[in-house]
Amino acid sequence: MNKSDRKISMRSRHAGEPGHHLARRRPSGRVTLEEVAEHAQVSTMTVSRALRDPSLVSPGARERVQAAVAQLGYIPNRAARTLASARSKLIGVLAPSLSNAVFVETIAAVQECVDPAGYQLLIGNTDYSPVRQAELLSAYLSHAPDGFLVAGIDNSNAVRRQLAASNVPLVHMFDLVPGDEWSVGFSQRSAGFAIGEHLIERGARRPAFMAAQLDPRTMQRRAGFRRALRAAGRDAALEVLTQEPSSAALGCRLLRELLETAPACDAVFCCNDDLALGVLFECQRLGIAVPRQLAVVGFNDLPFAAVASPSITTVATPRYQVGFEAARMLLQIIHGEVPAQNRIDLGFELIVREST
């Protein structure tokens, strides 16, 4: 071992001792990139690459950098990194709800996709509000994100003007957007139509639609469902709608309202599985046999749908795949690549169970 090797070895052994870096630290007291590089026995460029895009660094060097960052308590200067690279390594993700299992699973998939590329997420809950969505977009644009993933652009004109002015790429999740915008999802209208066809095929004479929150995706399902009913010569106007947040308890109440106005209703398509579960509970309380007297369909195929009694017919939505593929598409765009197609239709699956 030569002298310089011995010198590096000694530095490495004592790097974690209290006070070792204090004399050389910036006035702010923050650990510097150079200190991390010295501790990990790599160059500052390697540290920068390991933090910016871990896939560019060998596993061994990456592990040493991560260990040094953890031991020294290094916090990257994101503002400086953004100025140097013209990239913030931030992606804004806007979802209508952070308590809904559908969107939680989608965001988890996004995180899994972008983690290896060193990106962090700015996650916002729009609470199904176009105004809130526009506010979050404005707030996140101030952080110079490299892109956005959004489940539904509801306030279309205002939001699209914001995005066009910022030149930040956006990929839509769940919606298949016409034109040259980027989107990953499935046809909500086709899913609603498939449910309508299924209920007609099983003999429903007076099927109804039940929905809460009434976001654009829900209303697209409604449009497809009504189209199927009209094609079969059924009354397409039988429905109960509310802007209230969805829940099983709400499903109980909405069924009572529906039966008060349409006691001959023999099938109901609920815009999600929560409402469908509430309908089942209320049917049990009222002594209504499912599916003999009332067929029930939900949407999203949440885990409880398969184990409810009776099990719930529903539509399985590719929510994990939507998040992962949308994130992958956005990374391609950010890195200057052109995705093979503007729209990725992942389809859906009608899962027929005991409730129909």
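User: Why is Cys-265 called buried?

Analyst: Cys-265 has a relative accessibility of 6%. Buried means under 20% relative accessible area, with over 50% exposed and partly exposed in between (1.4 Å probe, protein chains only), so Cys-265 counts as buried. Please keep in mind that this is a predicted model, where local features need pLDDT of at least 70, side-chain atom pairs count only at pLDDT 80 or more, and totals for chains, interfaces and linings use all residues. Residues are numbered from 1 along each chain as its sequence is written, and side-chain values use heavy atoms, leaving out hydrogens and water.

User: What makes Cys-113 count as buried?

Analyst: Cys-113 is at 11% relative accessibility, so Cys-113 counts as buried.

User: How do you know that Cys-265 is in no disulfide?

Analyst: A disulfide is a pair of cysteine sulfur atoms within 2.5 Å. The nearest cysteine sulfur to Cys-265 is that of Cys-283, 9.4 Å away, so by this definition Cys-265 forms none. The count for the model is 0 disulfides.

User: What makes E5 and E11 a pair?

Analyst: Two strands pair if DSSP finds at least two bridges between them. Strand E5 (residues 182-185) is joined to E11 by 3 bridges, so they pair, and they run parallel. One of the bridges has Gly-185 with Asp-345 of E11 as its partner. Strands here are DSSP runs (E, at least two residues), numbered from the N terminus.

User: Why are E2 and E11 called edge strands?

Analyst: The open sheet of 6 strands has the order E2-E1-E3-E4-E5-E11, with parallel pairing. Strand E2 (120-125) and strand E11 (343-345) each pair on one side only.

Technical notes
Helix = DSSP H or I, 4+ residues; strand = E, 2+ residues; numbered from the N terminus.
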